Amino acid sequence: MRVRPETAEDFPAIRALTQASFHEANYGWDDAANALDRMRLAGSLALSLVALNMDEAVIGHIAFSPITVSDGTTGWFDLAPLSVMVTRQRTGIGGSLIVRGVAEMRAAGARGIVVMGDPAYYSRFGFQPVPDLTLQGAPTEWLLALPLEGGAPSGAIRLSPGFLESP
């Protein structure tokens, strides 16, 4: 497996992968592929990586986009979506994308990352619940943070343009 930044040629494969991943997992976020398109259009993706198999086919994808926090904290990003080919899930691809993505975000000066996801999975990578951090409509126990510099912010999170709405 090889991980690299996405290119425009990857967009159709990423879209298909994201749709299949989120449909199969039944997470209730059927708009993940459209959100990626909107964030690209809005210029909101800070980092977008793909995992490729030996045939150079896209088998995994991860994206990071900036967020704002009501307490004025800056330099924080959202990890979403993370998609892995359904037949290749539970083989370490997602974990490899998270580790590489977090390392690249840290190297780029990110102060921290939030993710909306299963605490049992994301805690393996250092993500933990932060009771003083909220996202409208999100269960607080599934909103997790990974401070990279300093502590976690407190307040309400606003996602980047295009994430949930048109840019």
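**Exercise 1.** In this predicted model, how do strands β2 and β3 run, and how many bridges join them?

*Solution.* Locate β2 at residues 47-52 and β3 at residues 58-66. The two strands run antiparallel. Six bridges join them.

**Exercise 2.** Give the strand order of the open sheet, then explain why one side of β1 and of β7 is left without a neighbour.

*Solution.* The sheet has seven strands, in the order β1-β2-β3-β5-β6-β9-β7. Pairing is mixed. β1 (2-5) and β7 (128-129) stand at the edges. Each has a single partner strand, so one side of each has no neighbour in the sheet.

**Exercise 3.** Which strands does helix α2 lie across?

*Solution.* Take α2 as residues 32-42. The helix lies across β3 and β5 (76-84). Its direction is at about 55 degrees to β3. Now turn to α3, which also packs on the sheet, touching β1, β2, β3, β5, β6 and β9. The direction of α3 makes about 145 degrees with that of β2.

**Exercise 4.** Check the span of helix α3 at 1.5 Å a residue.

*Solution.* The helix has 15 residues, 93-107. The expected span counts one less than the number of residues. That gives 21 Å. The end C-alpha atoms are 21 Å apart, which agrees.

**Exercise 5.** How many residues does α3 supply to the largest nonpolar core?

*Solution.* This core has 24 residues. α3 gives five of them, the largest share. Ile98 is among the residues with the most contacts inside the core. Beyond its sequence neighbours within four places, Ile98 contacts residues including Ile62, Leu79 and Phe127.

Technical notes
Residues numbered from 1 in each chain as written. Predicted model: local features only at pLDDT ≥ 70, side-chain atom pairs only at ≥ 80, totals over all residues. Heavy atoms only, no water. Helix = DSSP H or I, 4+ residues; strand = E, 2+ residues; numbered from the N terminus. Pairing = 2+ DSSP bridges. Contact = heavy atoms within 4.5 Å. Axes fitted to C-alpha atoms, helices over the stretch in contact; angles between N-to-C directions. Core = buried A, V, L, I, M, F, W, Y, C linked by side-chain atoms within 4.5 Å. Buried < 20%, exposed > 50% of the residue type's maximum accessible area, 1.4 Å probe, protein only.
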